[in-house]
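Hello,

Here is the structure for your set-up work. My notes on it follow below.

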Amino acid sequence: MPVSVTMPRLGESVTEGTVTRWLKQEGDTVEVDEPLLEVSTDKVDTEIPSPAAGVLSRIVVGEDETAEVGSELAVIAGEGEQAGGAAPQQEAPAEQAEQAAAEPQAEAEQPAVEEPAPAAAPSGEGTPVTMPALGESVTEGTVTRWLKQVGETVEVDEPLLEVSTDKVDTEIPSPVAGTLLEIKVPEDETAEVGGVLAIVGAAGAAPAQPKPEPKPEPKAEAKPEPKPEPKPEPKVEEPTPGMSYNEPAAEAERAAQPAKVEQAAQPAAPTTTPQRPTVPAQAGGEEGAGYVTPLVRKLAAEHGVNLSSVNGTGVGGRIRKQDVLEAAEKAKAAQAAPAAQPAPAAAAAPAKPAAKPQPSSKRGTVEKLPRIRKAIANRMHESLHEMAQLTTVIEVDVTRIAKLRAQAKDSFLQRHGVKLSFLPFFALAAVEALQSYPIVNARLDLEGGTITYPDAEHLGIAVDTERGLLVPVIHNAGDLNLGGIAKRVADLAERTRTNKISPDELAGATFTLTNTGSRGALFDTPIVPSPQSAMLGTGAVVKRPVVVNDPELGEVVAVRSMVYLAMSYDHRLIDGADAARFLVAVKERLEAGNFEAELGL
């Protein structure tokens, strides 16, 4: 029985979504929960899985088209069924009988039907490629990279360019097959939604500019004259620049020979030499890697990773961000191995150069402000100026928790599958304190003259990603124990960094926790995200001498594990005394260290 694939509800305030890419085509076989298509909204990009196993018989909403929540996107038929075309095929016999009576006419009409079938544009004008609507609130996009150049042929749905907005980075496919005649919007320039980005014409309508360039046949005539000798010479000189994609005819030979030449000529540095040219090789080696998102491609370029040599662990072998990072770490380890061999000559010396930071390649450069960074800046500015924010800092002794972690970390990992950090302890103590002091969890509506106290604690966890700071939410965090919170934090952080988080999981927080100590900061003054009223920042846990009261010795100096907790809050709603009472409750819970039952000790 045919199954309809509908646009899911991708967020509380989301009413529609744009189909950015179909991962399956009509006639393809799909499994249950296998990704069918990618959808973009003003909150998040996500994949829509198949609700049933079968064959994708019909695609209703094409790429770059927008559909409302609940509307039909595609139809899946069971194997052997033809759901999408069942009705037309039943009516077909009557039509075929009429056509059979007039076969000569049908044959005469066939060429007229075959001509428009290829989606090529008229040779004179061409088909415009426009900026699609990439979200409900998105009005423009910036061209980050052209994947095709003027004069090159393109197929239907083949990626033409990459576009970046303040919500998402995505690829724009070609609407027709033909030749790229003209680029209207160059790289790093912005176009409004609906604006013309390029013109694609029929296959024979390409301008004459790119074609005369390959006409220098004298070069080809000059090469066959010295066939035996000149060929090996350029191969020895040109493997390192990574120019294999500039001379397509020699790609197969250069892919096999540079490694042999480098091993024979430079046996001392086999690891560093082949890795450097991998950055330019991505343009040509990416086809073997399949579909790669712009984020993964950018990350691979930054780390010098050749995507054609990476084994993807995603659905259908797709390369994920973790695959690129693992490949980069392996490359660094391979480079560090020979460098560590001379270290035994001076045991103390290597520590100094290792600690010296490497200069960034961005020094002395100017780059365009990314749209996602601009959006974050606007939100932070608005939040900071619409409420009276104040920060209170408290110092907490977490020595008992540190001992519990050391005692229970192995069993906790085996039981829950995640590492036990300090963050779950902070989160649990904060949630318990919110239940006792709901004013910190409340929301102020000054114009409406109301204070709303939520009936649950929805804890936001700030996560650092490649795109910027995102805050997934642990809904109903008050119903979870220490292990449950730890698992939820690890799961949300992982899916947020890999862009697998859903819009609903990024909304609805009533209180936010940010672990600023993960990078060594003692404390900071967080900016409360509206409409929340408070946000807690946890600093780095460090050991230092502290005056403590010993039952027998009195006041003594001892080494303790200490941490600063900094809470910013809306002073229009929360008084300083309220903030202090909340923080003291968190402090007392943490310093008591009564988590043995939570840890199974």
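Is D578 buried or exposed? The model is predicted, and in it D578 is buried, with a relative accessible area of 17%. The cut-off for buried is under 20%. The partner of D578 is R581, and their closest N and O atoms are 2.8 Å apart in a salt bridge. R581 itself is partly exposed, at a relative accessible area of 41%. Both residues belong to helix 15, and because they are 3 residues apart there, about one helical turn separates them.

Other salt bridges

The count of salt bridges comes to 16. In general, side chains of opposite charge can pair when their charged atoms come close. Two further cases may be of use to you.

- R589 and E432 form a salt bridge with an N to O distance of 2.6 Å. R589 is in helix 15 (residues 576-592) and E432 is in helix 13 (residues 423-436), so this pair ties together parts that lie 157 residues apart in sequence. E432 is partly exposed, with a relative accessible area of 28%.
- K362 and E367 form a salt bridge in which the closest N and O atoms are 3.8 Å apart. The cut-off for this kind of contact is 4 Å. Both K362 and E367 are exposed.

Helix 13

The helix that holds E432 has a further point to note. Of its 14 residues, 11 are buried, so helix 13 is largely enclosed by the rest of the structure. Among the buried residues of helix 13 are L423, P424, F425 and F426, as well as A433 and L434. The length of helix 13 was checked too: at 1.5 Å a residue, its 14 residues should span 20 Å, and the end C-alpha atoms are 20 Å apart, which agrees.

Surface patch

Which residues form a nonpolar patch on the surface? They are V393, L522 and F523, and together they have about 250 Å² of accessible area. V393 is part of strand 17, which covers residues 389-397. With a relative accessible area of 37%, V393 is partly exposed.

Regards

Notes: Residues numbered from 1 in each chain as written. Predicted model: local features only at pLDDT ≥ 70, side-chain atom pairs only at ≥ 80, totals over all residues. Heavy atoms only, no water. Salt bridge = Lys/Arg side-chain N within 4 Å of Asp/Glu carboxyl O. Buried < 20%, exposed > 50% of the residue type's maximum accessible area, 1.4 Å probe, protein only. Helix = DSSP H or I, 4+ residues; strand = E, 2+ residues; numbered from the N terminus. Patch = residues over 30% accessible without salt bridge, like charges linked within 9 Å, V, L, I, M, F, W, Y side chains within 5 Å. Areas by Shrake-Rupley, 256 points an atom, 1.4 Å probe, with all protein chains shown as cover. Expected span 1.5 Å × (residues − 1).
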